[in-house]
Structure formats: structure tokens, C-alpha cells
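Q: Below is a structure to go through by its labels. For each one, the point is to set the value against the definition behind it.

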Amino acid sequence: MALCIVGGSLPSVYSGAPECAVTAFAETDDECNEYTEVTEGSLIYRVYADHAELSECVKSSEGKIVIPDKINGVSVTSIGEKAFYYCKKLTGITIPDSVTSIGYALLEYLFFIFSKN
């Protein structure tokens, strides 16, 4: 579990980002939530204790991509804001019913990419 320090007196070198104590096996997001980064095929996920988020696509990905409903035993519930930002050669994306949140830039990106085909 990460410790997120918020408020109180801060040292003069404070960068504006929360300070997080991080375990050796996990990373933390901007809100100090621990996750493990998992790559499966050409997709990279942030796997939290109770859900997973598709965070990015490998730049060289092309063709059709199928997002699974689970990664490491937890449901994939969201797609990050710029998950497909650098993947310009995709022709299709299958999104499972488990996804309940889609980043704002994804729909804009999909419209741009698929309107060209």
C-alpha cells in the first residue's frame, strides 16, 4: 500500500506532485494508487487491486485489436485518455462489456482513424 502525503507544511523544494512511498513491486498513479504494469500482446495495462485500465498501445500495432475483459484476474474497466494515441495503423478495436469508462481522446481518435478507411 502506498502512502500519499497531502497538505501540511511542505519543504521549499516541493514540485507540486504528491509524494508517494512506493513498494518495490508496484508503481503509483497521479493519485498515489498502486498498480502493476502488464503488457499483453500489443496492449499495456495498469492493473490495480480491483480493476485494470488499458493505458497504451504499442506504437507499431496494426490491424484489429481485441481488448480482453480480464487481465491478471481483474476486470478491464477503463481505457485511458490517450491509450491509442500513437497507434495509427489500427483498423478495428473490440471493446468488452466490462469497460465502463473511456478516455475523452479515444472517441476523437477513433473517428479520425476510421473516417480515413
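Q: What makes a run of residues a helix or a strand here?
A: Helices are DSSP runs of H or I with at least four residues, and strands are E runs of at least two, numbered from the N terminus. In this predicted model, the elements of the chain run β-β-β-β-β-β-β-β-β-β-β-α from the N terminus on. That order holds 1 helix and 11 strands.

Q: Why is Ser55 called buried?
A: Buried means a relative accessible area under 20%. Ser55 has 17%, so the label applies. Ser55 belongs to strand β6. Leaving out residues up to four places away in sequence, Ser55 touches Ile44, Tyr45, Arg46, Lys82 and Ala83. Over the whole chain of 117 residues, 33% count as buried.

Q: What makes β9 and β11 a pair?
A: The requirement is at least two bridges, and β9 and β11 have 2, again in the parallel sense. Ile79 has Ile102 in β11 as its bridge partner.

Q: How do you know that β8 pairs with β9, and in which sense do they run?
A: Strand β8, residues 70–71, is joined to β9 by 2 bridges, and the two run antiparallel. Since at least two bridges are needed, the strands count as paired. Lys70 stands opposite Ser75 in β9. β8 and β9 form a hairpin with 2 residues between them, and Asn72 in the turn has a positive phi of about 50 degrees.

Q: What lines the largest pocket?
A: The largest pocket holds about 360 Å³ of space. It is lined by 17 residues, of which Asp30, Arg46, Glu53, Gly80 and Glu81 are the closest to its centre. The elements giving two or more residues to the lining are β6 (52–57), β9 (74–79) and β11 (101–102).

Q: How do the residues of that lining divide into nonpolar, polar and charged?
A: The lining has 3 nonpolar, 7 polar and 7 charged residues. Asp, Glu, Lys and Arg count as charged, so an Asp, Arg or Glu falls in that class, while Gly counts as polar.

Q: What share of contacts joins residues at least 24 apart?
A: Contact means heavy atoms within 4.5 Å. Among contacts between residues at least 6 apart in sequence, 41% join residues at least 24 apart.

Terms used:
Residues numbered from 1 in each chain as written. Predicted model: local features only at pLDDT ≥ 70, side-chain atom pairs only at ≥ 80, totals over all residues. Heavy atoms only, no water. Buried < 20%, exposed > 50% of the residue type's maximum accessible area, 1.4 Å probe, protein only. 1 Å grid on protein atoms, 1.4 Å probe; cavity = no way out; pocket = protein on both sides within 12 Å on 5 of 7 lines; lining within 4 Å. Points joined across faces, edges and corners; volume = space filled by probe spheres on them.
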